[in-house]
Amino acid sequence: MPLVVICGYPCSGKTKRAEELKEYFDRNTERKVYIVGDGALGVERNTVYADSQKEKEVRASLKAEVERKLNKDDVVILDSVNYIKGYRYELFCLIKHAQTPHCLVYCLTSDEQSSSWNRSRNADEQYSQDIFDALVQRFEAPDSRNRWDSPLFTILKDDNLPFESISDALLKRRAPPPNQSTQSQPLTSVNFLYELDKITQEVLMEIFNAQKTSVPGDFISVPGLILKMLSFDGCRSRLKSTRVFGQYSIAGVI
Ligand SMILES: Nc1ncnc2c1ncn2[C@@H]1O[C@H](COP(=O)(O)OP(=O)(O)OP(=O)(O)O)[C@@H](O)[C@H]1O
């Protein structure tokens, strides 16, 4: 059901925290817990983060995997750098659409600390210094004033994760209300444009005909509505056809 978005500098302890959280939920709840992340996707750090197109594809794959996993019961933990504000906003739209709560866990480290952990890793797990520096420079830190970055749990290297608060944020909170842009739109019929055009023409014809005999204050019925004429302007063009303009308010729905 709920989503935990982990974010932080490269090599800031994100996977370590994701695993701690999984272990906590496994031990204390009946829910299945999935970690979705660079590791599970087999992301080759120094290739992907050196190429913006590849990086974009990886982000899209991670988001798609999160979307597939989100359901009513399970906990999904997204373990990646998640350093782009706009991407975190997209994830927020996803949870709004799925009608489930989320929270952010931010592994806050200095770049010196992360760089030193990076250098102590096995060579095949290390970020190259260039990629590491570029990711640190591009990092857009989460801000709890943004609804997509909230609730935000900021974790320093010697902190214990606040398991209960995280669990409450995920399991005891209501999902954010959906808005139109995150709701599926009903399928329109294949001849929707034709129908729209036909009804618009009918409405215009009714108004046009009614204007010949109506004065402001009169009611005009058009398909689906009763309109009240508020004002009326008539003028003749050089071609002697009458152009009519007027203002109407909706007085009722039929
Ligand atoms: N809280 C911590 N205390 C001490 N060492 C830590 C801590 N967190 C991480 N490390 C060290 O950093 C290394 C990387 O940790 P981890 O894989 O969790 O980072 P990550 O942010 O997931 O990395 P990546 O950006 O590659 O996904 C660990 O192997 C460990 O040596």
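The model is predicted. The domain assignment divides the protein into domain 1, covering 3-182, and domain 2, covering 192-253. Five strands build an open, parallel sheet, and 13 residues surround the ligand.

**Domains**
- The C-alpha centres of domain 1 and domain 2 are 56 Å apart.

**Sheet architecture**
- The strand order in the open sheet is S2-S3-S1-S4-S5, with parallel pairing.
- Strand S2 (33-37) and strand S5 (152-155) form the edges; each has a single partner strand, so one side of each lacks a neighbour in the sheet.
- From one strand to the next, the twist averages 20°.
- Strands of a sheet pair through backbone hydrogen bonds, in either a parallel or an antiparallel arrangement.
- Between S2 and strand S3 (residues 75-79), the parallel pairing extends over five bridges, and Ile 35 stands opposite Ile 77 in S3.

**Strand S1**
- S1 pairs with S3 in the parallel sense over four bridges, and with S4, also in the parallel sense, over six bridges.
- Ile 6 stands opposite Asp 79 in S3 and opposite Val 105 in S4.
- S1 is mostly covered, with six of its six residues buried.
- In a regular strand, side chains alternate between the two faces of the sheet.
- In S1, Leu 3, Val 5 and Cys 7 point one way, whereas Val 4, Ile 6 and Gly 8 point the other way, and all are buried.

**Helices across the sheet**
- Helix H4 (residues 52-69) lies across strand S1 (3-8), S2 and S3, and runs at about 165° to S2.
- Helix H5 (residues 85-98) lies across S1 and strand S4 (102-107), and runs at about 175° to S1.

**Ligand shell**
- Of the 13 residues around the ligand, those that come nearest are Gly 13, Lys 14, Thr 15, Lys 16 and Trp 117.
- Helix H1 (14-28) and helix H6 (111-120) each supply at least two residues of the shell around the ligand.
- H1 provides the largest share of this shell, namely three residues.
- By residue class, the shell around the ligand comprises three nonpolar, five polar and five charged residues.

How values were computed: Residues numbered from 1 in each chain as written. Predicted model: local features only at pLDDT ≥ 70, side-chain atom pairs only at ≥ 80, totals over all residues. Domains from an automatic or database assignment. Pairing = 2+ DSSP bridges. Axes fitted to C-alpha atoms, helices over the stretch in contact; angles between N-to-C directions. Contact = placed C-beta atoms within 7 Å. Near = placed C-beta within 6 Å. Nonpolar A, V, L, I, M, F, W, Y, C, P; charged D, E, K, R; others polar. Buried ≥ 20, exposed ≤ 12 C-beta atoms within 10 Å, placed from the backbone.
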